[in-house]
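Me: I am new to this structure and would like to know what stands behind the labels used for it. Please set each value against its cut-off.

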Amino acid sequence: MSTFICIKDLPSNKGRPFNPKRFIEKKSIDSKISGIFFYSNSVIELADKNISDRWINYSQKQNIPLYACRNSLVSRNILKKINPLIQVSGLGKLLEGVITSKKTLVIGKI
């Protein structure tokens, strides 16, 4: 069984170092993750090199593709700040992930 994750907003870590693995495990995901899609305000986190490097390291170790919403990046003027290892894509990629996975987990308010 696979789970596709859409992150709309990341919670504050209150000064603690951000750990994607711990964050995902906290959400009790016990299946294979087919992809992680950053949407809306969550893309702001990807403009921070330290945080994006942690997501990239986690995704490479777990073999999970990372996607960032093109419109969310453009509207925040941070498209050029995104690491090239994170795939910039449209909402079609989000729909594809939802349709092709058994479960979808949305993190943040819809």
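Me: Where do Lys49 and Asp53 lie, and how many residues apart are they?
Reply: The model is a predicted one. Lys49 and Asp53 are both in helix α3, 4 residues apart, which is about one turn of the helix.

Me: What makes Lys49 and Asp53 a salt bridge?
Reply: Their side chains meet at 2.7 Å, N to O. The cut-off for such a nitrogen and a carboxyl oxygen is within 4 Å, so the pair qualifies. Side chains of opposite charge can pair when their charged atoms come close.

Me: Why is Lys49 called exposed?
Reply: Lys49 has a relative accessible area of 58%. Exposed means over 50%, so the label applies to Lys49.

Me: Why is Asp53 called partly exposed?
Reply: Asp53 has 24% relative accessibility. Buried would need under 20% and exposed over 50%, so Asp53 falls in between.

Me: How many salt bridges does the count come to?
Reply: The count is 2 salt bridges. One of them joins Lys93 and Glu96, with the closest N and O atoms 3.5 Å apart. That distance is within 4 Å, so this pair also qualifies. Lys93 and Glu96 both sit in helix α5, 3 residues apart, again about one turn of the helix.

Me: What makes Lys93 and Glu96 partly exposed?
Reply: Lys93 is at 21% relative accessibility, and Glu96 is at 43%.

Me: Which residues make the nonpolar surface patch?
Reply: Leu95, Val98 and Ile99 make a patch of about 310 Å². Val98 lies in helix α5, residues 91–100.

Me: How many disulfides does a search of the whole structure find?
Reply: The search finds 0 disulfides. Cys6 is in none, and the nearest cysteine sulfur, in Cys69, is 8.8 Å away. A disulfide is a covalent bond between the sulfur atoms of two cysteines. The cut-off for the sulfur atoms is within 2.5 Å, so 8.8 Å is too far for a bond between Cys69 and Cys6.

Me: Are Cys6 and Cys69 buried or exposed?
Reply: Cys6 has a relative accessible area of 6%, and Cys69 has 2%. Buried means under 20%, so Cys6 and Cys69 are buried.

Me: How many aromatic pairs does the count come to, and why is the pair of Phe38 and Trp55 called edge-to-face?
Reply: The count comes to 4 aromatic pairs. The rings of Phe38 and Trp55 have centres 5.1 Å apart and planes at 85°. Phe38 and Trp55 are buried. Together with Tyr58 they form one aromatic cluster.

Me: Why is Gly35 called buried, and which residues is Gly35 in contact with?
Reply: Gly35, in strand β2, is at 0% relative accessibility. Buried means under 20%, so Gly35 counts as buried. Leaving aside neighbours within four places in sequence, the contacts of Gly35 include Thr3, Phe4, Ile5 and Tyr67.

Me: Where does Lys27 lie, and what makes Lys27 partly exposed?
Reply: Lys27 is in the loop between α1 (20–26) and β2. Its relative accessibility is 37%, between the 20% and 50% limits, so Lys27 counts as partly exposed. Lys27 touches Leu105 and Ile107, not counting residues up to four places away in sequence. Lys27 and Leu105 are 78 residues apart in sequence, yet their C-alpha atoms are 8.8 Å apart in space.

Me: How many helices and strands does the protein have, and what part of its residues is buried?
Reply: The protein has 5 helices and 5 strands, running β-α-β-α-α-β-α-β-α-β from the N terminus. Buried residues make up 39% of its 110 residues.

Definitions and conventions
Residues numbered from 1 in each chain as written. Predicted model: local features only at pLDDT ≥ 70, side-chain atom pairs only at ≥ 80, totals over all residues. Heavy atoms only, no water. Patch = residues over 30% accessible without salt bridge, like charges linked within 9 Å, V, L, I, M, F, W, Y side chains within 5 Å. Areas by Shrake-Rupley, 256 points an atom, 1.4 Å probe, with all protein chains shown as cover. Helix = DSSP H or I, 4+ residues; strand = E, 2+ residues; numbered from the N terminus. Buried < 20%, exposed > 50% of the residue type's maximum accessible area, 1.4 Å probe, protein only. Phe/Tyr/Trp six-rings, centres within 6.5 Å; stacked < 30°, edge-to-face > 60°. Contact = heavy atoms within 4.5 Å.
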